[in-house]
Amino acid sequence: MLPLHSLSANDLERMADEEFWNYARAYANTVPPLSSEKDNYQDQYLECELSSGTCLIPLKDVIEIIPSPQQHTHLPLAPAWLRGLVSWRGEAIPLVELDSYLNGVSDPFSSGMLVIVSYRALTVGLFVPDIGLTTPVRFEQAQTFPGPGIFYTPVRAGVIKGIYAEEPVLDISALLPDVIRQIGMRTNG
Amino acid sequence: MDDFDTLDRQEELSKDDLEVLQTFHNLDFSSSDPSFPSDVTAATNQTYQSESGQSEEMLSEDEMLALFATEADEDISAMQQALQQLELDKRLDSHELTVLKRCAHKLAGTAGAIGCASMSTISRYIETLIKLVEDSHLTFQTTLTALSISIKALETTLFSIVSNGFESKNPLVDLEEEYKRLQIDVHAVHAIQSSLADAKSDSSLEAGLQQTRELESGGLALRIDPGHFKKMLESAENLIELETPVEHAQKQVEIALNELQFAQSRLRRLEPLLSSLLTFPATSALNSLIQDVGYPPSSLVARILQEASIRSGYIPQTHSVGRPQSLLMQEADLWDEMDIDRLSETNVLAQTFTEALNDVALAMSRLQQALKHLSTMVAQQAAQAHRVRQEAFLLRSFPFSMLASRVQAAIDTVAGEQKGLIRLEVSGHAVDINQDILEKLMDPIVEVIQMQIVEVLYFNRRTEQEKDDRLQIVCKAYATNNEISIEIGFSQSISSGLVANLQDVVHHLYGSITLQAKSNGNVTLQLRIPRSRRIIQGLLVRAGNQQVLVSVSQVKRIHFHKSEIHEQPAHIHNFQETLLAEGYQVYQLNTLLGIPVQKQRAENSIQAALLLELDHPGIAIEVDEVVKEVAFILKPLSPYLCRPGITSTASDGNGNRVLVLNLPQIIQQQALYQSIDGAKVEDDTASGFGSSEQSSKPAVCRKILIADDSIFIRQSLHMNLSHEGYEVVEAIDGLETLDQLSKEAPDLLLLDVEMPNLNGYDVLNIIRSHQEYSALKIIMLTSRSSEKHKRRARELGANAYLVKPCSYDDLLETISSLFGDEEESFHEQVE
């Protein structure tokens, strides 16, 4: 059976109905079963572009990716890396400029993508200039994080799970609570 | 707000009671156990000086233990009774919960003080459970089960203390297992509460969070007024009945629209004929007319054709557009041959055109009528829907008379035999107030009235002439479309400090409060509150590139300033100067919220200032634009996103969420920010506290008043302070504290917060509003450890704040420091 990408639209159009559906059924059988797909999905990471390179975000923590809205609501007493609040599915969620949060590099007027990530009941929008492909990573392949101060500020070292192909892998389960804590604690003045 | 319940008054121990205790001791505590907590052991061998100061005796550790056991037993019994009442009522009544909370809180403090950690922890768990119930996180049945096993655990633990002389940890361990089984995570709740208390230490913020939680939970139970419910049902039925007429009106519009379209299409088909008449021969135009319109244009011709068709056996379809052209031509030829009616082609076309125009005009007129009818029906439907919404609000409302009766009961309680000197006038009994709002306002309003009565009756603030007059209290309520106004008038002047708590509550409800003094000496508190806690009438204003919402009820008026194009900044400066000259404190909303200022304002933009409904000082908030007035629905922010005065958002109608501002709270927080540095200095002072060597013995015999509803705490403190040479007097609640103050004139007051009949903050507030007690040192001694409570105590004028359980060394050091150092500073210690 020819792989799907080797057939043009014309090839498919020329097929008789029976021939087409036979081909479709046979091709569908080549897709891995659901369980292994799920396992693969657990290991998928989304490449996000930052000023200093790219970072990887676990796909399992990503709910949605949308273009970053032009308007956001200013929240007083907030850290510099918090652009504000955006409305997502009717809720106000924080919009975190990931580059600024990790590296202190801020470009408040740039446009990009909003990666909505969630951990437990916490939902945050991570602003990144652009997103790339998804990369399968077995975590044993990832190197242990070499220590703070090399890639990111020591303060943020705790949110880096490891390094894979020289790209830091973010730990959303550590990042989101840290973000929430810092947004909340600013009210102390 | 602290609990306040006159029904929970703790009974004082008389000498007879002590004898009973002694008997109890002889029965159950015949032997001393060496394993008894060291705190208690340390508390022995102290001199006990009775309240009268006439007899001195030593309480042994067993006697102290018996005292604790008796008090704990009473608290547990009170909790059991409250729980039984809850089970009988089959609903989570707030009064019973208050009893449970107070007893648990008291027991937690007392058990902690004596070193019974398990009992203290279980009591704290009960407090946490009640908190969960109040936040609607637990169901009724789970609550009952959890409370029941918790109280049982308390009982078992107390039994182990009484039986063995030391407390068993097993009941606590078992209880925690039971909590797990019930899926109640008390530890997590503790952690969240602690972190929130740390992260959001501001009082207004904490109250805001509470407000958010309440908005989320929607209250414990919905009590519905049957009369309003019936009215709402009728209105809802009327709304449903309106559906048919509206649908009929919609159909009429559709029919009229079709007619208009048909007439328009006929007119459109005539347009090329008109143009061709001018360029082509008449016959050709007529043929085209016949071809396009489908039948000869004259009715006379139609009649002739009809007669001809009878003759020829062919029945013409006069309105059929699709007739064969040859047949039409044949008919036209026949008409020509008959030579009956020689109409000119131009006349035929003109007449047809006129008919088509008339058809369009007629169809247009019918459409307008149908639209008008539809719009009337839609307006009726909208009005009916609005009525249903209003009645749905009223469904959750109580009449104002409910507050009035509560006020009367409070007057009777506080004034006692002197209640004849108080005259209460109420108007607006039938005004409906949302029950959530009324419940929030009830306690603080009653508190203000009670404190005012206490001021007048017990502090002799009235002149000789006034003493003959009765204290008149007026409660008035009236409602407008979007607001409830409540007025509380007094015939005597009132200290503005008394309304601080009420002010907080009103602000949290997005309302405002003003204190108006009249020339005859009367004062009136005027409250303006939105009718609903969810839907609020507000102003959409712009600050920089941000739009925010402000409750109309918090704005006294708007001061507009129309700026000219290319206006120079000097004019803006003058605008501010005008406000400053009128005595206003002027804030720019941009600056307050940290919003970047736009470099260029929009042309012809209206600069405005919102003048807030505050007494003194007048506050003006400058904004870039007042966009519009709008009713908005509050949506609570997640707790970590809440800011002082910002706890909710609303939709701007374009898919964006805008912040809803509570401006008085934001202004209050502004002042708080400015005071942070000062507070730090005070904290630094406190950190050095205790380093100076001072004599543990007082230089002169100072008198200390202990105000605490726990017998154990009072007597424990009494013994130790007496041993140190202080003269000690006691008070069991807020009112007795005030009474003892006037009788005994103590030098220092050890003041608990959670007490019946005026809580510690109320007492502190009253004392600090009296100049004659300015020298009195006040130490708050409470188990409330959050920054919110400390700040409140500091703001109300406490000299020090100690958290129970507190070591005697710390307490004695604090006392001697306050006596030794006259310089005002706030001492704080948390263990």
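This is a predicted model: local features need pLDDT of at least 70, side-chain atom pairs count only at pLDDT 80 or more; totals for chains, interfaces and linings use all residues.
**Exercise 1. Is Lys60(A) buried, partly exposed or exposed, and what is its relative accessibility?**

Residues are numbered from 1 along each chain as its sequence is written, chains are lettered from A and ligands numbered from 1 in the order in which they are written, and side-chain values use heavy atoms, with hydrogens and water left out.

Solution. Start from the scale: buried means under 20% relative accessible area, exposed means over 50%, and partly exposed lies in between (1.4 Å probe, protein chains only). Lys60(A) has a relative accessibility of 40% and therefore counts as partly exposed. Next, look at its salt-bridge partner, where a salt bridge is a side-chain nitrogen of Lys or Arg within 4 Å of a carboxyl oxygen of Asp or Glu. The partner is Asp61(A), with the closest N and O atoms 3.4 Å apart, and Asp61(A) is buried at 11% relative accessibility.

**Exercise 2. Describe the salt bridges Glu64(A)–Arg89(A) and Lys106(B)–Asp75(B), and place each residue in the chain.**

Solution. Helices (H or I, at least four residues) and strands (E, at least two) are DSSP runs, numbered from the N terminus. In the pair of Glu64(A) and Arg89(A), the N to O distance is 3.0 Å. This pair links distant parts of the chain, since Glu64(A) belongs to strand β3 (residues 62-67) of chain A and Arg89(A) to the loop between β4 (82-88) and β5 (91-97) of chain A, 25 residues apart. Glu64(A) is partly exposed at 26%, whereas Arg89(A) is exposed at 59%.

Turning to chain B, the side chains of Lys106(B) and Asp75(B) meet at 3.1 Å, N to O. Lys106(B) sits in helix α4 (residues 94-114) of chain B and Asp75(B) in helix α3 (residues 61-89) of chain B, so the pair ties together parts that are 31 residues apart in sequence. Lys106(B) is buried at 6% relative accessibility, and Asp75(B) is buried at 2%. Elsewhere in chain B, Arg124(B), Glu127(B), Glu754(B) and Arg784(B) are joined into one network by salt bridges that share partners. Over all chains, the count of salt bridges comes to 25.

**Exercise 3. In what order do the strands of the open sheet of 6 strands in chain B stand, and which strands are at the edges?**

Solution. Two strands pair if DSSP finds at least two bridges between them. The order in chain B is β16-β10-β11-β19-β18-β17, with mixed pairing. β16 (625-633) and β17 (635-636) of chain B stand at the edges, because each has a single partner strand and one side of each is left without a neighbour in the sheet.

Now follow β10(B), residues 535-543, which is joined to β16(B) by 8 bridges in an antiparallel arrangement. Among the facing residues, Ile535(B) has Ile633(B) as its bridge partner, and Gln537(B) stands opposite Ala631(B). Towards β11 (residues 546-551) of chain B, β10(B) again runs antiparallel, with 6 bridges, one of which pairs Ala543(B) with Gln546(B). β10(B) and β11(B) form a hairpin with 2 residues between them, and Gly544(B) in the turn has a positive phi of about 60 degrees. Of the 9 residues of β10(B), 7 are buried.

**Exercise 4. Characterise the aromatic pairs Tyr125(B)–Tyr179(B) and Tyr726(B)–Phe819(B).**

Solution. Rings of Phe, Tyr and Trp (its six-membered ring) pair if their centres lie within 6.5 Å; planes under 30 degrees apart count as stacked, over 60 as edge-to-face and the rest as tilted. The whole structure holds 5 aromatic pairs over all chains. Tyr125(B) and Tyr179(B) are edge-to-face, at 5.6 Å centre to centre with 70 degrees between the planes. Tyr125(B) lies in helix α5 (residues 117-134) of chain B and Tyr179(B) in helix α7 (residues 170-181) of chain B, 54 residues apart, and both residues are buried.

For Tyr726(B) and Phe819(B), the centres are 6.0 Å apart and the planes at 40 degrees, so the pair is tilted. Tyr726(B) is in the loop between α23 (711-723) and β21 (727-731) of chain B and Phe819(B) in helix α27 (residues 808-820) of chain B, 93 residues apart. Tyr726(B) and Phe819(B) are both buried.
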